[in-house]
Amino acid sequence: FTHGEILTDDCGPDWPNSELIASWAANPSQAHPSKWNTFKAAKKRGAKVLCVDPRYTYSSANAVVCFI
């Protein structure tokens, strides 16, 4: 799932069981700490965290792959 996407149905993202989490122009570590904790737990279980953001943030610094 991509953090920052607009969900149009009732099924939400399954971040805890994701293998790849993409954060697009968002800073979940500051804007959504509860989601960031979920991201960190998923990363600890082996998920890859991808960050695409023009800013260097704590979220991008802790991503596996970061495009700034």
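S60 is buried, at 3% relative accessibility; buried denotes under 20% relative accessible area, exposed over 50%, and partly exposed the range in between, for a 1.4 Å probe and protein chains only. The model is a predicted one, in which local features need pLDDT of at least 70, side-chain atom pairs count only at pLDDT 80 or more, and totals for chains, interfaces and linings use all residues. Residues are numbered from 1 along each chain as its sequence is written, and side-chain values use heavy atoms, with hydrogens and water left out.

S60 belongs to helix α3, residues 58-61. Helices (H or I, at least four residues) and strands (E, at least two) are DSSP runs, numbered from the N terminus. Along the chain, S60 and A26 are 34 residues apart. Their C-alpha atoms are separated by 9.2 Å.

The S23 side chain reaches the backbone oxygen of A26 at 3.4 Å. This is a polar contact, defined as a pair of N or O atoms within 3.5 Å; within protein, one must be able to donate a hydrogen and the other to accept it, and residues adjacent in sequence count only if both atoms are side-chain atoms. A25 lies in the loop between β2 (20-24) and α1 (28-31). A25 is not a glycine, yet has a positive phi of about 50°. At 48% relative accessibility, A25 is partly exposed.

Helix α2 covers residues 33-44. Its 12 residues should span 16 Å at 1.5 Å a residue, and its end C-alpha atoms are 16 Å apart, in agreement. The expected span is 1.5 Å times one less than the number of residues. W36, F39 and A42 are the buried residues of α2. Seen down the helix axis, they fall within an arc of 120°, so they line one face of α2. The arc is that of the directions from the helix axis to the C-beta atoms. An α-helix has 3.6 residues a turn, so residues three or four places apart point the same way. The face of α2 turned away from the buried side carries the exposed residues S34 and K44. Just after α2, G46 adopts a positive phi of about 115°.

The largest nonpolar core contains 6 residues: W15, I21, W36, F39, A42 and A47. Helix α2 supplies the largest share of this core, 3 residues. Such a core is a set of buried Ala, Val, Leu, Ile, Met, Phe, Trp, Tyr and Cys residues joined through side-chain atoms within 4.5 Å.

The structure holds 1 aromatic pair. The ring centres of W36 and F39 are 6.1 Å apart and the planes stand at 65°, so the pair is edge-to-face. Rings of Phe, Tyr and Trp (its six-membered ring) pair if their centres lie within 6.5 Å; planes under 30 degrees apart count as stacked, over 60 as edge-to-face and the rest as tilted. W36 and F39 are 3 residues apart in α2, separated by about one helical turn. W36 is buried at a relative accessible area of 7%. F39 is buried at 1%.

The structure also holds 1 salt bridge, that is, a side-chain nitrogen of Lys or Arg within 4 Å of a carboxyl oxygen of Asp or Glu. The side chains of R55 and D53 form this bridge, at 2.7 Å from N to O. R55 is partly exposed, with a relative accessible area of 43%. D53, by contrast, is buried at 2% relative accessibility.
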